[in-house]
Amino acid sequence: MCTAFILRYFFLLETICILIITCHCAPKHRNEYSWSPSAMDLRNKDSSSEDVLSVVIIGNGPSGICISYLLSGYTPYLSPEGFHPNPVLHRKLAENSHLSLFEQDLEYLCEGVEGRSSNPVAVLFDSLLLPDSDFGLNYTSPLLWRHEPERAIPHLVLGKGPPGGAWHAMEGSMLTLSLANWMELPGLKLKDWMRDKRRSVRNDRATPTEIASYYQHYVSQMGLEGRFACGTTVTSLQRVALGPGRSGWRVEGVQRRADTMMDLPFSVQAENVVLATGTHDIPARLGIEGETLPFVCHSFWELEAAILSGRLGRASEPVLVVGAGLTAADAVLAAHHLNTPVYHAFRRSVSDPALIFNQLPKLLYPEYHKVHQMMSQQQYQPGDAESEPGAQSVPLPGGGDNVARYLGYLSFPKHRVVAFKPGGKCVLEGEEGHQMALCVSMALVLIGSHPDLGFAPEQGRALGLEPGEPISCRRNPIDVNPYTYECVQEPGLYAMGPLVGENFVRFLKGGALAIACDLARKRRSLPDRATAESSAYHLLSHQLSNCSLVCVEGGQGQSVKERLERREMGKVE
């Protein structure tokens, strides 16, 4: 019975979103463009040469960082002392213990391994890194990591801000929903890093600021910084001919120089491209009349800006929060703390099992339990207002209401917004067709976000499980081979992370493993290339020469080619 309780506890814990504030992606990045010890500086060069990079990775969040780690020669083996609690998996690993994980049959290893991801390699790698963590157990990983530079595959990681991606844009004082060790990447324990920084993990949860700092430190600690070109925005991705019978990709964009703050164009060619952009770029919209009116907002930071500017306060008209996710809950808490009246509309029933609040342990997440209580105890009743859309206000619970526990809050379960009107009016409709118009100072539509694939042909719509429809993490992820993560529609194009439905950092690492294994397989299948790449020196010299990648600050102006060559020769730490 105790085991069943633990299993249910952790099942509920991890079926939620990756963190409390999934959509707090403001356009402002902490330390934006200031992180550049040895960061790449791209110069626009003629890209018609036959020399190309093996891999370009678009996105420098945890997905991009993890795949860079695996492509930099860090190789997982079964440790001689390693033990996995799953006897079948342990036996399979022991059959070829002399081989690295990159050389083994992932599909064979995945058979019989179960977990809470729909991607089998994600479940496998998670099980190897954190055995039986769903049961609250703390088994040591059976993997042994070796740095084998001869396995390194030259690659370039492009990202708009510093390493860590959207984590730098999230509100930093909240706590992640996932446990701290589920957020870490291979080779560096998050708790060890936080202990070295004299920080403590609260209830096994960390803040987005701590996670962002960890990812940034990880890149430096693992010696990956020379692979990262920060401050870059990709504007175009096109398939091009690389020679007779060969095709690849041309990646174009602009890079903001840290010294001049000027945007300079760049263009690189690659045999393979990995899409690791995440899904936090474009806020989801309702697609209704009046959604572009100035009082209608789509991000949490706009609420923060209104609070800081003094536009919202106790005397303000109510704020309408649309959505029943964690970001919407954060908005309710922020406005309620300010004593600003709140209307809260969402499509589900408060008791719907799919509602995130019904999946959170109350003891670990008291702040969200409070919001759920507010949603449950102070619901709108049809008799509270007129049924015609012309009604402009609905009474909010006040000090004279003996029943009201949360003053100035009213929820509208099973309601949807049908229109926004000038003058701060929002028309709501219940499931029975009952309509009313609310007068508000601000409407916050917080219903999720979508990836920005505007640089890809047709915005990437041809890549989804439902071709022609917009890419969505939940509804229409990119269609990939489950054991290689290569796009079904585009050979040489890979996708990972939220783009293929993986919202959890603990599971996106499996995508990095699948891609690294497939790229290693492609490399082994070309004997002529293996000969040409007999050493890391020749590999990097050949592949990086055409990119004219220059290290700034920490690299004292050395080209990345020179810096990497010196590193391989033992002259650079």
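This briefing covers the overall make-up, the confidence and some local contacts of one predicted protein chain. The model is predicted, so local features need pLDDT of at least 70 and side-chain atom pairs count only at pLDDT 80 or more, while totals for chains, interfaces and linings use all residues. Residues are numbered from 1 along each chain as its sequence is written, and side-chain values use heavy atoms, with hydrogens and water left out.

**Overall make-up**

- The protein chain holds 14 helices and 21 strands; these are DSSP runs numbered from the N terminus, with helices (H or I) of at least four residues and strands (E) of at least two.
- Of the 573 residues in the protein chain, 54% are buried (buried means under 20% relative accessible area, exposed over 50%, and partly exposed in between, with a 1.4 Å probe and protein chains only).
- Among contacts (heavy atoms within 4.5 Å) between residues at least 6 apart in sequence, 71% join residues at least 24 apart.

**Confidence**

- The mean pLDDT (the predictor's confidence in each residue, from 0 to 100) of the protein chain is 77, and 71% of its residues reach 70 or more.
- Where pLDDT is low, the predicted coordinates should not be read in detail.

- Helix H2 (residues 62–71) is mostly covered, with 10 of its 10 residues buried; among them are Ile65, Cys66, Ile67 and Tyr69.
- Glu148 sits in the loop between strand S4 (143–147) and strand S5 (155–159), and its relative accessibility is 12%, so Glu148 counts as buried.
- The side chains of Glu148 and Arg151 make a polar contact at 2.4 Å (a pair of N or O atoms within 3.5 Å; within protein, one must be able to donate a hydrogen and the other to accept it, and residues adjacent in sequence count only if both atoms are side-chain atoms).

**Asn119**

- Asn119 is placed in the loop between helix H4 (106–110) and helix H5 (120–129) and is buried, with a relative accessible area of 10%.
- Its side chain makes a polar contact with the side chain of Glu502 (2.7 Å).
- Leaving out residues up to four places away in sequence, Asn119 touches Tyr485, Val500 and Glu502.

**Val240**

- Val240 belongs to strand S7 (residues 232–243) and counts as buried at 13% relative accessibility.
- Beyond neighbours within four places in sequence, Val240 is in contact with Ser247, Gly248, Trp249, Arg250 and Gln269.
- Val240 and Ala270 are 30 residues apart in sequence and 9.5 Å apart in space, C-alpha to C-alpha.

**Packing of H9 and H10**

- Helix H9 (residues 326–337) packs with helix H10 (residues 366–377) at an angle of about 85 degrees, their axes 10 Å apart; axes are lines fitted to C-alpha atoms, for helices over the stretch in contact, and angles run from 0 to 180 degrees between N-to-C directions.
- H9 and H10 are therefore roughly perpendicular to each other (65 to 115 degrees; under 35 counts as roughly parallel, over 145 as roughly antiparallel and the rest as oblique).
- Residues making the contact include Leu326, Ala329 and His336 of H9 and Tyr368, Val371 and Met374 of H10.
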